[in-house]
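Hi everyone, let's get going. Please bring up the protein on your screens, and we'll walk through it together.

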Amino acid sequence: MSIDPTFTYWTAVFIPAGEVDPTAMTADFSELGEGDPVDARGAMVHFRSALGADANVLDVYPFPDPDEALETYRATETLKVAGM
C-alpha cells in the first residue's frame, strides 16, 4: 500500500522538443488503463512515455487545469531563484 497521495487528474508542465517556454497538458487517469488514481511517480512515468524522449517534463501537479499548473510552476521557480 502506497502512502503517496493518488489523484485522478494530473497536469504535466514540460518543454516540448525545440521550444524554450514550458507548456502544460492534463491527463484524466480515470479514462486511461485501469482507471485507478495514480501517484506523482506514476503520472511522471505516463507523461514521459506519452510525450517522448525529446520533451523535458519539468513537474506534475494534481489538478486538471493546465493554466494553474503553469502558474504554480512559475511561482515555484521564482521562489527558488529568490532563494526561498
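Two notes on the model. This is a predicted model: local features need pLDDT of at least 70, side-chain atom pairs count only at pLDDT 80 or more, and totals for chains, interfaces and linings use all residues. Residues are numbered from 1 along each chain as its sequence is written, and side-chain values use heavy atoms, with hydrogens and water left out.

Now the overall fold. The protein has two helices and three strands. Helices (H or I, at least four residues) and strands (E, at least two) are DSSP runs, numbered from the N terminus. Along the sequence, the pattern reads β-β-α-β-α. The radius of gyration is 13 Å, close to the 12 Å of the globule rule for 84 residues, so the protein is as compact as a globular protein of that length. That radius is taken over C-alpha atoms, and the rule is 2.2 Å times the number of residues to the power 0.38.

Next, the inside. Buried residues make up 27% of the 84. Buried means under 20% relative accessible area, exposed over 50%, partly exposed in between (1.4 Å probe, protein chains only).

Which residues make up the largest nonpolar core? There are 11 in all, including Trp10, Phe14, Phe29, Met44 and Val57. A nonpolar core is a set of buried Ala, Val, Leu, Ile, Met, Phe, Trp, Tyr and Cys residues joined through side-chain atoms within 4.5 Å. Strand S1 (9-15), helix H1 (40-51) and strand S3 (56-61) each give two or more residues to this core. A second, separate core has seven residues, among them Val13 and Tyr61.

Look at Phe14. Leaving out residues up to four places away in sequence, Phe14 touches Asp21, Pro22, Leu51 and Val57, among others. Contact means heavy atoms within 4.5 Å.

Two more residues. Val45 sits in helix H1. Buried or exposed? Val45 is exposed, at 56% relative accessible area. Pro37 lies in the loop between strand S2 (23-28) and H1. Pro37 is partly exposed, at 40%. Beyond four places in sequence, Pro37 touches Thr6, Phe7 and Thr8.

Last, charge. The protein has 4 positive and 15 negative side chains. Lys and Arg count as positive, Asp and Glu as negative; His and the chain ends are not counted. Thanks, everyone.

Methods. Charge placed at Lys NZ, Arg CZ, Asp CG, Glu CD.
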